[in-house]
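This briefing covers one protein chain and is arranged by topic. Please keep the sequence and the structure at hand while reading.

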Amino acid sequence: MTVIADLLQRNRTHAAGHPGRASSLVPSLQTVLITCCDHRADPAHVLGLRLDEAVVIRNEGGRVTPDVLRTLTTLATVAMVENLALDVEIIVMHHTDCGTSRLAAPEHTALAARIFGIAEDELAAKHLTDPVAAVQADLELLRSAPSIPAGLRLTGLVYDVATGAVTQV
Ligand SMILES: [Zn+2]
């Protein structure tokens with residue numbers, strides 16, 4: 001069986017159990033999770049997140065980049081258009097052994113700086129090889145971003161890919 005045939009078969013099982021109507025635009029846990037696209041850190045498994053529970057934004061490292069800030073602004077605008085309350089918690093979850101730690105090498109400085117939209121000499125502040133410090137830096141970025149409404153709850157997590165355990169930062 002090809003990968004796509006296998007995935008479509010799994011979808012038929014999913015569709016068979018679907019209630020047959022779309023649920024609210026607001027995730028039931030009122031949560032936005034920013035995390036890495038790494039296949040070992042899928043929040044549906046790591047945090048047991050179920051369908052409809054959270055908006056999940058994934059990129060390389062789960063980092064708060066200009067693109068992520070733009071996405072959050074878009075979500076806030078959609079909520080405003082739909083007259084929905086903006087009472088959400090934002091969780092930033094990074095993980096150990098992240099592929100982005102490999103970008104800390106000097107030959108990848110230009111690429112890494114471009115991802116974050118910063119100058120190359122500001123890259124040290126992104127803590128590419130330290131997930132705890134990286135989460136703290138990204139929470140601070142969210143706290144100080146003018147496009148993020150004040151008063152949103154912000155939480156940082158680090159997932160250990162070697163043990164499966166998540167710790168709060
Ligand atoms: Zn990663």
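This is a predicted model: local features need pLDDT of at least 70, side-chain atom pairs count only at pLDDT 80 or more; totals for chains, interfaces and linings use all residues.

Is R63 buried or exposed? R63 is buried, because its relative accessible area is 3%, under the 20% cut-off.

**Overall make-up**

- The chain contains 5 helices and 5 strands, and these follow one another along the sequence as α-β-α-β-α-β-α-α-β-β.
- A box of roughly 50 × 45 × 25 Å, taken along the principal axes, holds the C-alpha atoms of the chain.
- Of the 169 residues in the chain, 34% are buried.
- Contacts between residues at least 6 apart in sequence join residues at least 24 apart in 63% of cases.
- About 10000 Å² of the chain is accessible surface, and carbon and sulfur atoms account for 57% of that area.
- There are 13 positive and 19 negative side chains in the chain, with 6 Å between the centres of the two sets.

**R63 and its surroundings**

- R63 sits in the loop that runs between strand 2 (54-59) and helix 3 (66-81).
- Leaving aside residues up to four places away in sequence, R63 touches I34, V68, H94, F116, K126, H127, L128, A134 and D138.

- A133 belongs to helix 5, which spans residues 131-144.
- A133 has a relative accessible area of 13% and is therefore buried.
- A133 and V169 are 36 residues apart along the chain, and their C-alpha atoms are separated by 8.8 Å.

**Salt bridges**

- Side chains of opposite charge can pair when their charged atoms come close.
- The whole structure has 11 salt bridges.
- One of these joins D87 and R153, with 3.1 Å from N to O. D87 lies in the loop between helix 3 and strand 3 (89-95) and R153 lies in strand 4 (residues 153-159), so this pair ties together parts that are 66 residues apart in sequence.
- D87 is partly exposed, at 39% relative accessibility, and R153 is partly exposed, at 39% relative accessibility.
- R153 also forms a salt bridge with E89, where the closest N and O atoms are 3.7 Å apart. This pair links distant parts of the chain, since E89 is in strand 3 and R153 is in strand 4, 64 residues apart.
- E89 is partly exposed, with a relative accessibility of 21%.
- A network of salt bridges with shared partners joins D38, R40, D97 and R102.
- Within that network, D38 pairs with R40, and the closest N and O atoms of the two are 2.7 Å apart.
- Which of these two partners is buried, and which is partly exposed? D38 counts as buried, at 11% relative accessibility, whereas R40 is partly exposed, with a relative accessible area of 31%.

**A nonpolar patch on the surface**

- V3, I4, L7 and L8 make up a nonpolar patch on the surface, and together they have about 390 Å² of accessible area.
- V3 is part of helix 1, which covers residues 3-16.
- V3 is exposed, because its relative accessible area is 62%, over the 50% cut-off.

Notes. Residues are numbered from 1 along each chain as its sequence is written. Side-chain values use heavy atoms; hydrogens and water are left out. Patches are made of residues with over 30% relative accessible area and no salt bridge: like charges are joined within 9 Å, nonpolar side chains (Val, Leu, Ile, Met, Phe, Trp, Tyr) within 5 Å. Accessible areas come from the Shrake-Rupley method with a 1.4 Å probe; for residues, only the protein chains shown count as cover. A salt bridge is a side-chain nitrogen of Lys or Arg within 4 Å of a carboxyl oxygen of Asp or Glu. Helices (H or I, at least four residues) and strands (E, at least two) are DSSP runs, numbered from the N terminus. Buried means under 20% relative accessible area, exposed over 50%, partly exposed in between (1.4 Å probe, protein chains only). Contact means heavy atoms within 4.5 Å. Lys and Arg count as positive and Asp and Glu as negative; His and the chain ends are not counted. The place of a charge is taken as NZ of Lys, CZ of Arg, CG of Asp or CD of Glu.
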